[in-house]
Amino acid sequence: MANDYFFCGIGGSGMLPLAMIVQAQGHRIEGSDRSRDQGRTPEKFAWLEAHGVTLHPQDGSGVTRADQTVVATGAIEDTVPDVGAARRVGAPIVTRPQLLSQLFNAAPTSIGVAGTSGKSTITGMIAWILHRAGRGPTVMNGAVMKNFADADHPFASALIGGPDLFVSEVDESDGSIARYDPTVAVVSNISLDHKSMEELRELFGGFTGRAATAVLNLDNLETQALAQTLPPEKVVTFALGEESATLNAHDLEPQPTGMRFTLTERDGPKHAVTLNVPGAHNVANALAALGAVRAIGVPLAEAVAALESFSGIRRRMEVVGTANGVTVIDDFAHNPDKIAATLKTLHAFDGRLLILFQPHGFGPLKLMKNEFIEGFTGLMRADDLLLMPEPVYYGGTTDRSVGSEDIASGVRAAGRQAEALPTRDACGDRLVELARPGDRIIIMGARDDTLSVFAADLLKRLA
């Protein structure tokens, strides 16, 4: 039976793909978005309208009937006009995690991908392997999968497949991981990001406990400990060079655009693997994906062959281009672990790094001030430079006691070069002024679609 859904914030990276999956199941979709009202990313909203989505201003005028289900982001706030309108007309309200987990749990076979970092890449790798294997998965990712993006599908963060196999990135930061009952639970790693360690252990423990198979990383102490709490027949482990793991990677050879390594299956044959995404962290991501598809019957040799043509995730160390000998790279790194993975990968090759890191709020800077400082100072070389604009402040009662200058001065105190500037544009001017042939400029930050536009503009200015 077709239902009517109204997505509040339909242009968001988590909302748009979910709306497309719901529409593909035969339901009618409407929505609103503050960005559309402000005239931002018009091409995205034009694409949605061309694909049969009715759009309204975000003023409550689109929610008029009790038979519309209003989908809101994690926090249902009555101050949002669409939510207020839903309350007035008696329309049901569900959160994005509630709706996504309902679809996920309804599938006979499901793969949930969780962990502090690597989720989007692992989900994209699983999607590509299953697609190539003819399994027709429906996939919900939090980022655009480059293998599935084309002129007709520029926002390919979802893959529309059949109802029998559902793959999704699962988020622990809002606690919604507790709603998912996966056939296969993947946990890439666990480290401090949004919640305390105790809360994280409980959330990830419940998630893996409910699964038929848990795919866990032996190179991370927390996921290693989690593996020991589960019955051995339920666990598939992976690691870089740890003999006891089910799947093991050896002889890692960095390539300019990727990685080569030898995959050993415990009590099984060896496979030579080529990845076209760089970095040791992507080898770990590949092992997680291979463990997940193996658990639902895809032969390892077939999965390895598919991985070779996996082309990555947008904004995950994505090379925007090179102009006058300077390469611009766009990256989603926003917490100390992700930043470390990116810097390690880039330092496998020569050249100075000019790093622009845009924090996505004052909260993370306060929570992880020391980790940010240690992360940058431990991995920057003497000639690298870190530039940070102040976090974007949208008003409200946010504690602004720790800002970008606190991080920059900590990095300078440890003998590395760092500057905090008031705005991103000022950082852009400084990058253009400093860049010289052989440099790599890396634009880092999350939750801001305009970072990619900024990176592309920077490339034009360098040319």
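## A loop residue with positive phi

Asp267 lies in the loop between strand E14 (258-265) and strand E15 (270-275), where helices (H or I, at least four residues) and strands (E, at least two) are DSSP runs numbered from the N terminus. Although Asp267 is not a glycine, its phi is positive, at about 60 degrees, and at 82% relative accessibility this residue counts as exposed. Here buried means under 20% relative accessible area, exposed over 50%, and partly exposed in between, with a 1.4 Å probe and protein chains only.

This is a predicted model, in which local features need pLDDT of at least 70 and side-chain atom pairs count only at pLDDT 80 or more, while totals for chains, interfaces and linings use all residues. Residues are numbered from 1 along each chain as its sequence is written, and side-chain values use heavy atoms, with hydrogens and water left out.

Most residues other than glycine have a negative phi. Thr41 is placed in the loop between helix H2 (34-37) and helix H3 (42-50), and with 26% relative accessibility it counts as partly exposed.

## Nonpolar cores

A nonpolar core is a set of buried Ala, Val, Leu, Ile, Met, Phe, Trp, Tyr and Cys residues joined through side-chain atoms within 4.5 Å. The largest such core has 49 residues, and those with the most contacts inside it are Ile111 and Ile126. Helix H9 (residues 280-295) supplies the largest share of this core, 9 residues. Apart from it lies another core, of 45 residues, which includes Ile21, Trp47, Tyr180 and Ala214.

Contact means heavy atoms within 4.5 Å. Not counting residues up to four places away in sequence, Ile111 touches a set of residues including Phe104, Ile126, Leu130, Phe166, Val184 and Ala292.

## The buried side of helix H8

In helix H8 (residues 221-228), the buried residues are Glu222, Thr223, Leu226 and Ala227. They lie on the same side of H8 because they cover an arc of only 145 degrees around the axis, the arc being that of the directions from the helix axis to the C-beta atoms. These buried residues pack against strand E10 (184-187), helix H7 (197-209), strand E11 (213-217) and strand E12 (235-240), whereas the face of H8 turned away from the buried side carries the exposed residues Leu221 and Gln228.

Asp82, in helix H4 (residues 81-89), counts as buried, at 0% relative accessibility. Leaving out residues up to four places away in sequence, Asp82 touches Phe6, Cys8, Ser32, Pro57, Gln58, Asp59, Gly60 and Val63. Asp82 and Val63 are 19 residues apart in sequence, and their C-alpha atoms are 6.3 Å apart in space.

Thr69, found in strand E4 (residues 68-72), is buried with a relative accessible area of 15%. Beyond its neighbours within four places in sequence, Thr69 is in contact with Asp4, Tyr5, Phe6, Pro92 and Val94.

## The second largest pocket

The second largest pocket is lined by 14 residues, of which Met20, Trp47, His153, Ala158 and Ile160 lie nearest its centre. Helix H1 (15-24) and strand E8 (158-159) are the elements that give two or more residues to this lining, and H1 gives the most, with 4 residues. A pocket is an open set of points on a 1 Å grid over the protein atoms alone, where a 1.4 Å probe fits, with protein on both sides within 12 Å along at least five of seven lines; lining residues have an atom within 4 Å of a point.
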